[in-house]
Amino acid sequence: MDQAKEYDLAEYFFRKVLDLRKDLPQSYRDLALALEEKKKFKESLDLLYKVISGSWDGRFSEIEVTA
């Protein structure tokens, strides 16, 4: 995403991924990072907050540190 600077395309696909995989914190994080690049800071922070405050499967322990 960063190298090609295709942020509109990244947002489109990451929204699709989030629709399909709401159970994965990475889905929220990836979309949040794309939105940050597009200066959509409020929505980006809201998504990151979901990662930090969410209850995730044990395999995602400490995901809040990454977010």
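Trainee: What kind of model is it, and what are the ground rules?

Mentor: It is a predicted model: local features need pLDDT of at least 70, side-chain atom pairs count only at pLDDT 80 or more, and totals for chains, interfaces and linings use all residues. Residues are numbered from 1 along each chain as its sequence is written, and side-chain values use heavy atoms, with hydrogens and water left out.

Trainee: How many helices and strands are there in the protein?

Mentor: Four helices and zero strands. The order along the sequence is α-α-α-α. Helices (H or I, at least four residues) and strands (E, at least two) are DSSP runs, numbered from the N terminus.

Trainee: What is the radius of gyration, and how does it sit against the globule rule?

Mentor: The radius of gyration is 12 Å, close to the 11 Å that the globule rule gives for 67 residues, so the protein is as compact as a globular protein of that length. That radius is taken over C-alpha atoms, and the rule is 2.2 Å times the number of residues to the power 0.38. Along the principal axes, the C-alpha atoms fill a box of roughly 35 × 20 × 20 Å.

Trainee: And what share of the residues is buried?

Mentor: 27% of the 67 residues. Buried means under 20% relative accessible area, exposed over 50%, partly exposed in between (1.4 Å probe, protein chains only).

Trainee: On to α1. What span should it have?

Mentor: α1 covers residues 7–20, and its 14 residues should span 20 Å at 1.5 Å a residue. Its end C-alpha atoms are 20 Å apart, which agrees. The expected span is 1.5 Å times one less than the number of residues.

Trainee: Which residues of α1 are buried?

Mentor: Y7, A10, E11 and L18. They cover an arc of only 100° around the axis, which puts them on the same side of α1. The arc is that of the directions from the helix axis to the C-beta atoms.

Trainee: Now α2. How far does it reach?

Mentor: 19 Å from first C-alpha to last, over 13 residues, close to the 18 Å expected. Its buried residues are P25, S27, Y28, L31, A32, A34 and L35. Their cover includes α1, α3 and α4.

Trainee: Which residues make up the largest nonpolar core?

Mentor: It has 11 residues: L18, L24, Y28, L31, A32, L35, L47, L48, V51, F60 and I63. α2 and α3 are the elements that give two or more residues. The largest share, four residues, comes from α2. A nonpolar core is a set of buried Ala, Val, Leu, Ile, Met, Phe, Trp, Tyr and Cys residues joined through side-chain atoms within 4.5 Å.

Trainee: How many aromatic pairs are there?

Mentor: Two. Rings of Phe, Tyr and Trp (its six-membered ring) pair if their centres lie within 6.5 Å; planes under 30 degrees apart count as stacked, over 60 as edge-to-face and the rest as tilted. Y12 and F13 are edge-to-face, 5.0 Å centre to centre with 80° between the planes. Y28 and W56 have ring centres 5.7 Å apart and planes at 55°, so that pair is tilted.

Trainee: Where do Y28 and W56 sit in the chain?

Mentor: Y28 is in helix α2 and W56 is in the loop between α3 and α4 (63–66), 28 residues apart. Y28 is buried, with a relative accessible area of 10%. Not counting residues up to four places away, Y28 touches L18, K22, L47, K50, V51 and W56.

Trainee: And Y12 and F13, how exposed are they?

Mentor: Y12 is partly exposed at 45% relative accessibility. F13 is partly exposed too, at 47%.

Trainee: Last one. What is the phi of K39?

Mentor: Near 65°, a positive value in a residue other than glycine. K39 lies in the loop between α2 and α3. At 60% relative accessibility, K39 counts as exposed.

Conventions
Contact means heavy atoms within 4.5 Å.
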